[in-house]
Each structure stands twice: as structure tokens, then as C-alpha cells.
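Subject: Structure handover

Hello,

The structure is below, with notes on what was found in it. Please read the notes alongside the coordinates.

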Amino acid sequence: MSEAINYWPLIGVAWVVVGFMLRANPVIVVVSAGLVSGLLAGKSVGDLLALLGESFVSNRALLMFAMTLPTIGLLERAGLREHALRWIEGWRGLTLSRLLTGYLAVRQGLSMLGLIDIAGHAQTVRPLLAPMTESAASRPNGPTSRDDTQKVHALAAATDNVGRFFGEDVFLAFGAVLLIQGFYAEHGIHLEPLQIALWALPTAIAAFVIHAVRIVFFQRALDRRTASRRAARSGEGGSADAVD
């Protein structure tokens, strides 16, 4: 007779959802949810601490990104963002859609080769891509509004995410590819990593095309909003001159 399934550890999922809804610290939320699920699963506090320690030691290389933060801060203090703005102003024909589509292609291509951490939110999006997209967006019809500027920055971050997530699936040594290979091997099906990675290529191409189209439509809508605000301001100025 099969044993009853213990569903109590699933409370950890609800814990994460509630924590994120309350905008609590993500690290505290995730770690505490893991402790709650572990305790409800019958593990002792000692076992949970040992598991956390082992996970930290086995994945300590992931903390290498913390070393980039002070470097990026020093570069920004030295005027990195201002240099990026002046540099992008020299490219007269570079629009927002061309800039982000080009970045998407480079980001996705590098991720396919395994160069995942050569770019990212901390390394390139905040100090370089965000000010460059802001400058490119304000070129046709003048400066954008604060809300539109935030949307441009969000689109730049989303472009980096799409390029990385759909590009890394094509990399042969990516963890998900090796996990799929191991799963099939356990069930007597032998597959090479290349065979699995190639099946991710159509998805990567589709993601590139879809996001590139999304960028183009975003720029068209942004240009219309900026132009209408500019025309409204011009109309108000003309009315004031007529009254005078």
C-alpha cells in the first residue's frame, strides 16, 4: 500500500508568493520558505543548515557577480553613463529598435557560445544600455516623459533577459541540457548534448523574431506619444502667443 503524500511542504510556495506580494526582501523570503518547507517535510534544523551550507559551497561561483558591483559603481562615478550618452549621439541613424535588436542578437549569440556572464543587468544594462536607449528614444521627437523613460529602461532589461534565457538553452554544456540528457539516460535513451541543444534553436529563433517585432511596435507607439505631447505643447504655446 502506498504511503500518503505529505503536501504540507507546499506551504513554502505560498510563503514565497505572499512574501513577494508584500515586497519583502527576496533573499529572506526564499531562505525562510526553504526552512518552512524543510521543517514541514520532517527535516531537522541541523539537516537544513547542512543543506544550505552544501548548496552555498557547491554554488559559490555564482557570487562572483558581487565583485562586479563595486567596479560598475566606480565606472559610473567616473562618468561611464555620460560617455555612453555622448557616444550614442554620434550615431545619427541609430534608432531605439535598431539598438535593442542589435543588442539582442549579440546577447543571444554570445549566450549560445556559453558566454553568459559577459553581459547582464549589472554589467551592461544599467551602466551602458539604459542610457543609450534613453538617448536613442529621445532623438526623433525630443525628451520622453518619466513614465516612457522607465518603460524604455524596462524594455532594455527585458531584451537582455530574452537574449540570455533563450540563447543559453542552445549551449551544449548548459545545465538544463545536461539535466535532460541525464534524465533520458536513466531511462535507457542515449542522446548527445548537441541533439538536445539543437532542438532549442527553433525556440531561440522564434524568441528573437517575436521580441524584435515587439521592440519595433514599442518604438512606434513611443514616437506617437512623444509627438502628440510635443504637438500639444506647441499648440499651447501658439494659443498663448495669440492671446498676448
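The protein has 11 helices and 0 strands; helices (H or I, at least four residues) and strands (E, at least two) are DSSP runs, numbered from the N terminus. Read from the N terminus, the order of elements is α-α-α-α-α-α-α-α-α-α-α. This is a predicted model, in which local features need pLDDT of at least 70 and side-chain atom pairs count only at pLDDT 80 or more, while totals for chains, interfaces and linings use all residues. Residues are numbered from 1 along each chain as its sequence is written, and side-chain values use heavy atoms, with hydrogens and water left out.

Overall figures

Of the 244 residues in the protein, 28% are buried. Buried means under 20% relative accessible area, exposed over 50%, and partly exposed in between (1.4 Å probe, protein chains only). Among contacts in the protein with a separation of 6 or more, 72% come from residues 24 or more positions apart; a contact means heavy atoms within 4.5 Å.

Annotated spans

The unreviewed UniProt entry places the feature "transmembrane region" at residues 12-41, 61-80, 165-184 and 196-217. UniProt positions are given in the numbering used here, feature names are shortened, and annotations may be inferred rather than shown by experiment. In the model, residues 196-217 are 91% helix and 0% strand, with end C-alpha atoms 33 Å apart. Residues 12-41 are 83% helix and 0% strand, and their end C-alpha atoms lie 10 Å apart. The loop between helix H1 (11-21) and H2 holds Arg23. Arg23 has a phi near 55°, a positive value in a residue other than glycine. With a relative accessible area of 78%, Arg23 is exposed.

Largest pocket

The volume of the largest pocket is about 280 Å³. A pocket here is found on a 1 Å grid over the protein atoms alone, as an open set of points where a 1.4 Å probe fits, with protein on both sides within 12 Å along at least five of seven lines; lining residues have an atom within 4 Å of a point. Grid points are joined across faces, edges and corners, and the volume is the space filled by probe spheres set on the points. The lining consists of Pro26, Val27, Val30, Val31, Gly34, Leu35, Leu48, Leu51, Leu52 and Ser55. Helix H2 (26-40) and helix H3 (45-58) are the elements that give two or more residues to this lining, and H2 gives the most, with 6 residues. By class, the lining has 8 nonpolar residues, 2 polar and no charged. Ala, Val, Leu, Ile, Met, Phe, Trp, Tyr, Cys and Pro count as nonpolar, Asp, Glu, Lys and Arg as charged, and the others, Gly among them, as polar.

Leu129 is in helix H7 (residues 121-137) and counts as buried because its relative accessibility is 3%. Beyond its neighbours within four places in sequence, Leu129 is in contact with Leu99, Leu100, Tyr103, Thr124 and Ala156. Leu129 and Tyr103 are 26 residues apart along the chain, with their C-alpha atoms separated by 8.6 Å.

Thr124 is also found in helix H7, and is buried at a relative accessible area of 15%. Not counting residues up to four places away in sequence, Thr124 touches Tyr103, Ile118, Ala119, Leu129 and Asp160. A polar atom of the Thr124 side chain lies 2.9 Å from the backbone oxygen of Gly120.

Val152, in helix H8 (residues 146-168), is buried with a relative accessible area of 2%. Leaving aside neighbours within four places in sequence, Val152 has contacts with Leu96, Thr133, Glu134, Ala137, Phe218 and Leu222. Val152 and Ala137 are 15 residues apart in sequence and 7.7 Å apart in space, C-alpha to C-alpha.

Tyr184 lies in helix H9 and is partly exposed, at 33% relative accessibility. Tyr184 touches Ile189 and Leu191, not counting residues up to four places away in sequence.

Glu192 sits in the loop between helix H9 (175-186) and helix H10 (193-198), and at 41% relative accessibility counts as partly exposed. The side chains of Glu192 and His190 are joined by a polar contact of 3.0 Å. A polar contact is a pair of N or O atoms within 3.5 Å; within protein, one must be able to donate a hydrogen and the other to accept it, and residues adjacent in sequence count only if both atoms are side-chain atoms.

Regards
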